[in-house]
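Okay, thanks everyone, I'll keep this short. Have a look at the sequence and the structure while I get going.

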Amino acid sequence: MSINNVHLATTIDTHTELHLVRPDPGLTHTYSNSTAHNIPEIAVSPSQGKFLSLLTTISSARNVLEIGTLGGYSSICFARALKAAAHNHNHDNGTNDQENEHKNTNGRSPRPKGKVTSIEIDPARRELSIQNLTHANVKVPEEAEVLLGAALDVLPRLGTEIEAGTRERFDFVFVDADWERQWEYFDWGVKLCKGRGSVVYVDNVVRALIEGGFVEGEGRGVGFREDREKEGERGEGLVEKVGRDGRVEAVVMQTVGAKDYDGFLMAVVK
Ligand SMILES: C[S@@+](CC[C@H](N)C(=O)[O-])C[C@H]1O[C@@H](n2cnc3c(N)ncnc32)[C@H](O)[C@@H]1O
């Protein structure tokens, strides 16, 4: 085993996706339609999308908040997982998925399908994501809604709606927008969560650390720059702030694959 094998990462992704990520025409179309509309190829990879789906399932999430929609690829992954969870629950419970009736003929209530709420700052990308979601048979806005605006404008509105009782709290938050605001989005995510056991997942934290100048040097001299504040540069970063945040337990996992060398931070609310 050697870290030099990382050049094989894309090949390994191709092989594992072939066997483990079922073909999904809605997702395939989202990639191709986004490329056709000159959207940059910065959506999660098929493996990453599947990973997000599995995390949604194992965390029993019902309401997902996503910051950064792009063409809707990850939104579809979340919506697929929510729909499957509701379907499986209702099947086990002897109910069907119809939500138009309060109770099924056996007197039991079906589990609500759950919903993805995604925020996108770019109107053209929002429009395209709605096209892609609809093409993937995700009902907009019942199963996934895409809110237009800068996340820091939209998030307080969601907070007000939650306080007013017109919107449910979230149990899974996926932060995937501008890297400069990762801490602010994380903080809002925790505030808008249901509470213990809710998950906040921030993508691209490793690239943000590297490209943000948090690490310097080459070879054996490489090190983490602890002197940034003294130099009047960018202050504490996401990882340091989350490390001092008593509301959560968190970890950063480094990743390699078709999307290069990167990593995510995942926090669970205590
Ligand atoms: C990496 S892409 C999201 C990819 C998407 N989650 C996926 O995997 O399919 C980031 C998106 O965040 C949007 N964005 C950037 N800054 C934003 C902000 N302040 N508020 C809301 N969205 C923002 C960008 O326009 C872009 O579409």
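Predicted model: local features only at pLDDT ≥ 70, side-chain atom pairs only at ≥ 80, totals over all residues.

On the ligand's nitrogen side, an N or O atom in the side chain of Ser-74 sits 2.8 Å from a ligand nitrogen. Asp-178 also puts a polar side-chain atom 3.3 Å from a nitrogen atom of the ligand. With Leu-70, it's the backbone: one of its N or O atoms is 3.4 Å from a ligand oxygen.

How much of the ligand does the protein bury? Taken alone, the ligand exposes 610 Å², and 90% of that gets buried by the protein.

H4 comes back in the next part, the second largest pocket. The volume there is about 350 Å³. Lining this pocket are 18 residues, and Lys-50, Ser-53, Cys-77, Arg-80 and Ala-81 are the closest to its centre.

Which helix gives the largest share of that lining? That's H4, with 7 residues. Helix H3, 46-58, and helix H4, 73-92, each supply at least two residues of the lining. By type, the lining comes out as 10 nonpolar, 4 polar and 4 charged.

That's it from me, happy to take questions.

How values were computed
Residues numbered from 1 in each chain as written. Heavy atoms only, no water. 1 Å grid on protein atoms, 1.4 Å probe; cavity = no way out; pocket = protein on both sides within 12 Å on 5 of 7 lines; lining within 4 Å. Points joined across faces, edges and corners; volume = space filled by probe spheres on them. Helix = DSSP H or I, 4+ residues; strand = E, 2+ residues; numbered from the N terminus. Nonpolar A, V, L, I, M, F, W, Y, C, P; charged D, E, K, R; others polar. Polar contact = N/O pair within 3.5 Å; in protein donor to acceptor, adjacent residues only side chain to side chain. Areas by Shrake-Rupley, 256 points an atom, 1.4 Å probe, with all protein chains shown as cover.
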